[in-house]
Amino acid sequence: MARKKKPNDYGTGIPFHEVEALARVLLPEIQAFFESKEGQREFTEWKAQRGAEQTE
């Protein structure tokens, strides 16, 4: 008899189908933000800050 593979929830206890549903809602919003001028500006600032932290 074959064993049923338990999906990995990475220790969250959240069922995979719920994580997937949340991702389907959030992904378009995240993409829209990073495509906007504000999102591009914040991402550029984040990269500069991250670069400064790594050189310290």
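Me: Which helix supplies the largest share of the nonpolar patch?

Reply: The largest share, five residues, comes from H1, where helices (H or I, at least four residues) and strands (E, at least two) are DSSP runs numbered from the N terminus. This is a predicted model, in which local features need pLDDT of at least 70 and side-chain atom pairs count only at pLDDT 80 or more, whereas totals for chains, interfaces and linings use all residues. Residues are numbered from 1 along each chain as its sequence is written, and side-chain values use heavy atoms, with hydrogens and water left out.

Me: Which residues make the nonpolar surface patch?

Reply: Patches are made of residues with over 30% relative accessible area and no salt bridge, like charges being joined within 9 Å and nonpolar side chains (Val, Leu, Ile, Met, Phe, Trp, Tyr) within 5 Å. Here Leu 22, Val 25, Leu 26, Ile 30, Phe 34, Phe 43 and Trp 46 make a patch of about 670 Å², and the elements that give two or more residues to it are helix H1 (16-35) and helix H2 (37-55). Phe 34, which is found in helix H1, counts as partly exposed because its relative accessibility is 37%; buried means under 20% relative accessible area, exposed over 50%, and partly exposed in between (1.4 Å probe, protein chains only).

Me: How are the axes of H1 and H2 placed?

Reply: Two packed helices are described by the angle between their axes and the distance between the axes. The axes are lines fitted to C-alpha atoms, for helices over the stretch in contact, and the angles run from 0 to 180 degrees between N-to-C directions. In this model the axes of H1 and H2 come within 4 Å and cross at roughly 80°, which makes H1 roughly perpendicular to H2 (65 to 115 degrees, with under 35 roughly parallel, over 145 roughly antiparallel and the rest oblique). Phe 33, Phe 34 and Glu 35 of H1 meet Lys 37, Glu 38, Gly 39, Gln 40, Glu 42 and Phe 43 of H2 in this contact, which is defined by heavy atoms within 4.5 Å.

Me: How many salt bridges does the structure hold?

Reply: Side chains of opposite charge can pair when their charged atoms come close. The structure holds two salt bridges, each being a side-chain nitrogen of Lys or Arg within 4 Å of a carboxyl oxygen of Asp or Glu. One joins the side chains of Glu 20 and Arg 24 (4.0 Å, N to O), and because these residues are four apart in helix H1, about one helical turn separates them. Glu 20 is partly exposed at 35% relative accessibility, whereas Arg 24, at 60%, counts as exposed. In the other, Glu 45 pairs with Arg 41, the closest N and O atoms being 3.2 Å apart, and both residues lie in helix H2, four residues apart.

Methods: Accessible areas come from the Shrake-Rupley method with a 1.4 Å probe; for residues, only the protein chains shown count as cover.
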